[in-house]
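Dear colleague,

Please find the structure below. My notes on chain composition and helix packing follow it.

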Amino acid sequence: MRNIIKVIIVLSLLLSISSIASSQCKNFVKKHCLADLEPFVYDGQLNSAILTEGDIAELLLTLYAGQDYRILVCGQEILGDIEFNLFDTNRNLIFSNKDHDFTTNWDFKSNSTQQLIVQVIVPKQESSSSMLHNGCIAILKGFKE
Amino acid sequence: MITKALLFSVSFGLIILFYSCNSNTDEYNNSDNDILLDSNDVNNDHQKKVKMIFYNIPSPLEMATILQETVGDYNSEILNSFNVYNKYTTNKKIALNLGVYGADLSYTRMFDQIQASVNYLSSIKKLSDNLGIPQNDGSFTVSRIEENIDNRDSILIIISETYATADAYLKESGRGSTAALIIIGGWVEALYIATNILKEKNDVNKEILNRIAEQKYSLENLVELSKSYENDDINEFIPQLEELQECFDKIEITYTKGEVITDEINKITTIKSKINIDVSYETVNEIGIIVERIRSSIIE
């Protein structure tokens, strides 16, 4: 009986941790990321997740001809310098923030409408610890009229 | 001892489970979205696994700005009436029509239709309340709307904040599928408005034709987004969206990679690629008929 109670407690704790982590991720984005999109208008779609070092995430988006866009990749400090790359659908590299001191945001303009891929890479950290770091990452898009 | 081992196994299993889960959605089919990239494409390492793919679909607001230069005269007849919000009582219908009203509001804003904008904002507030979305940042207070209603830019920000709050709240409370339904409703309504603008024009307007044709890309993302959820309310749209996709497949868009110019000082990259769009009026007309059918099932 005592063991069943222990299992229930562990389960409840883990559920709480998961829920808190998710909520904290959204709060992190609201507090630390959205302001960097200004003066662009946030498109309202929150693409965020808890990622672990070495993880890769991608966002498929369409840039419309003549519109100005800002792409913002925002990650928690514990994850280090987040790399973000922009590819066309043929995987031709258009932009890499590695060439720009790992800046978290960059503006784009295309003279024709096209589908692009934003790729985000969480760096592997050189640490003697076997524990992998994880943290919140968000990919946000802003546009101008 | 065995019990302790069992307890450890269960706990460990749960930890692995939680850490492998997508953090922000309940029914998001995460594992199905994992893809393998060829190492040559991206870097020199061995194959790296993409953990998560997000799909970005233009919000109703963005769709309206895309069409902004192509619009004709204001026509309230093509919009879903703002005062029928009461008939939407299920989670699915409320979410879809929250998206529809977002597109309609963006349209009224584009034409500086102040009273109509107030009416749509009020209906959006009611639908948001019915979905249990809190508006605790004050963006939705009647006074704020009234104070800013004659300012197009302020309305733009209110709309953006409203839909951003809804999207974030729904995703963080494990209702990502509801957020996706808002996107579907908004996209369908915006495309419906665009095809109607085209119909109203007496001559074939190449600019509008191209803008509609370019939605081929967003539709691909929308279909993928819909497939990524194991949710009946969303999945029932897949056959309809695929039918629409078949029609869009008749449109040929050829892309030629062009020069990429990066301005370090202003932190801006300009992509000078070229596309050629081969689209006929008949195809767009066909798209209009399918969109009208999907839209009818949403607003009925």
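In chain B, 69% of the contacts with a separation of 6 or more are between residues 24 or more positions apart; a contact requires C-beta atoms, placed from the backbone, within 7 Å. This is a predicted model, in which local features need pLDDT of at least 70, side-chain atom pairs count only at pLDDT 80 or more, and totals for chains, interfaces and linings use all residues. Residues are numbered from 1 along each chain as its sequence is written, while chains are lettered from A and ligands numbered from 1 in the order in which they are written.

Chain B has 14 helices and four strands (DSSP runs, H or I of at least four residues and E of at least two, numbered from the N terminus). Of its 300 residues, 41% are buried, with 20 or more other C-beta atoms within 10 Å of their own.

Helices α11 (residues 215–227) and α13 (residues 238–248) of chain B have axes that come within 10 Å and cross at roughly 155° (axes are lines fitted to C-alpha atoms over the stretch in contact, with angles from 0 to 180 degrees between N-to-C directions). α11(B) is therefore roughly antiparallel to α13(B), the term for angles over 145 degrees. Among the residues making this contact are L219(B) and L222(B) of α11(B) and L241(B) and F248(B) of α13(B).

Helices α9 (residues 176–200) and α10 (residues 206–213) of chain B also have axes within 10 Å, crossing at roughly 160°. α9(B) is thus roughly antiparallel to α10(B). Their contact includes I197(B) and L198(B) of α9(B) and I208(B) and L209(B) of α10(B).

With kind regards

Methods
Buried ≥ 20, exposed ≤ 12 C-beta atoms within 10 Å, placed from the backbone. Contact = placed C-beta atoms within 7 Å. Parallel < 35°, antiparallel > 145°, perpendicular 65-115°, else oblique.
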